[in-house]
Amino acid sequence: MTILVEIILLFLQIMWFAIFARAIISWFPIDQGGPIVRALDAITEPILEPLRRVVPRVGMIDITPMVAIILIFVISAALRSGLSTGV
């Protein structure tokens, strides 16, 4: 069971990095059709798109990446505390 939790934690860490990178890249005037941007979109959109249905925009700002990162942090912390307590 520990290996499965470690794999999930690794996946969550990769998703955190991808969402963070996508948010940072969106601030710069680079080609949004480039291969890196398209790859980050493909990786992160399955998580961000359902959140966009629930989380409203704040003016012109899309806060779903921030909400997704917070959720990933909470899930990771819960999994780590379960590992440390032996549950």
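Helices (H or I, at least four residues) and strands (E, at least two) are DSSP runs, numbered from the N terminus. With that in hand, let's start the tour.

You are looking at a predicted model, where local features need pLDDT of at least 70, side-chain atom pairs count only at pLDDT 80 or more, and totals for chains, interfaces and linings use all residues. Residues are numbered from 1 along each chain as its sequence is written, and side-chain values use heavy atoms, leaving out hydrogens and water.

**Stop one: the loop.** Select I30, which sits in the loop between α1 and α2 (35-54). I30 is partly exposed, at 43% relative accessible area (buried is under 20%, exposed over 50%, partly exposed in between, with a 1.4 Å probe and protein chains only). Then pick L4, which is 26 residues from I30 in sequence and 38 Å away in space, C-alpha to C-alpha.

**Stop two: helix α3.** Select T64, found in helix α3 (residues 64-85). Is T64 buried or exposed? T64 is buried, with 0% relative accessibility.

**Stop three: two rings.** Rings of Phe, Tyr and Trp (its six-membered ring) pair if their centres lie within 6.5 Å; planes under 30 degrees apart count as stacked, over 60 as edge-to-face and the rest as tilted. This rule gives one aromatic pair. Select W16 and F20: their pair is stacked, with 5.3 Å centre to centre and 5 degrees between the planes. Because they are four residues apart in helix α1 (residues 2-25), W16 and F20 are separated by about one helical turn.
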